[in-house]
Amino acid sequence: MPEKPPAIALDDRDIKILSILSTEGRIAKAELARRVNLSAAPCWERLNRLEAAGVIRRYRAEIALARIAPSVTVFVMVELEHHRAESFQVFERTVARHEEIVGCWALGGGFDYLMSVVTASIDSYQRLIDQLLESNIGLKRYFTYIVTKEVKAGSPPLAALLTGRPTI
């Protein structure tokens, strides 16, 4: 089992920087510094430290897919035939090669994985599943849940996670 990286100590300003960036990734550095009540240089140093420590993994845009192309989002519960380390590794390597699988999480409990798939249509989703089934990666069974409407999607509640107190 891989070792967990050491935890990085965060203060209130670090938490504020992370909270702002998790919702406003393109914010100007000067505006970020103003909002966390720091001058530009110390804010930039904190940002560099958070990036170097791997706390900030990447910056990306949230695309309104409905405005540019037809798409379907599907959640898939997956159960593998065998529960050996090699079986999980084969499955995970295969999943990593498919760009339509935009998220995949290993689960404890009844199913082995939860996948999030974004594809052009139900037909293209089914072709992806057929390809996974034919690829001999140990897929025992799967359950498909088609998203009919996004109700909520957002950033993690950093302040609540780091303080242990829910936000109300």
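## Helices on the sheet

Helix α5 (residues 122-134) lies across β1, β2, β3 and β4, and runs at about 165° to β4. The model is predicted.

## The sheet

The 4 strands form an open sheet in the order β2-β3-β1-β4, and their pairing is antiparallel. β2 and β4 (139-146) stand at the edges. Each has a single partner strand, so one side of each is left without a neighbour in the sheet. From one strand to the next, the twist averages 20°.

β1 and β3 run antiparallel and are joined by 7 bridges. Val 74 has Val 117, in β3, as its bridge partner. Helix α4 also packs on the sheet, where it touches β1, β2, β3 and β4. The direction of α4 makes about 15° with that of β3.

## The largest pocket

The largest pocket has a volume of about 2500 Å³. Its lining counts 47 residues. Nearest the centre lie Arg 60, Glu 62, Gly 154, Ser 155 and Pro 156.

At least two lining residues come from each of α1 (12-23), β1 (72-80), β2 (101-106), β3 (113-119) and α6 (158-163). By class, the lining has 27 nonpolar, 11 polar and 9 charged residues.

## The second largest pocket

The second largest pocket has a volume of about 180 Å³. Among the residues that line it are Glu 81, His 82, Arg 84, Asn 136 and Leu 139. Helix α4 (residues 85-96) gives the largest share of this lining, 3 residues. The lining divides into 4 nonpolar, 4 polar and 3 charged residues.

Note on methods
Residues numbered from 1 in each chain as written. Predicted model: local features only at pLDDT ≥ 70, side-chain atom pairs only at ≥ 80, totals over all residues. Heavy atoms only, no water. 1 Å grid on protein atoms, 1.4 Å probe; cavity = no way out; pocket = protein on both sides within 12 Å on 5 of 7 lines; lining within 4 Å. Points joined across faces, edges and corners; volume = space filled by probe spheres on them. Nonpolar A, V, L, I, M, F, W, Y, C, P; charged D, E, K, R; others polar. Pairing = 2+ DSSP bridges. Axes fitted to C-alpha atoms, helices over the stretch in contact; angles between N-to-C directions. Contact = heavy atoms within 4.5 Å.
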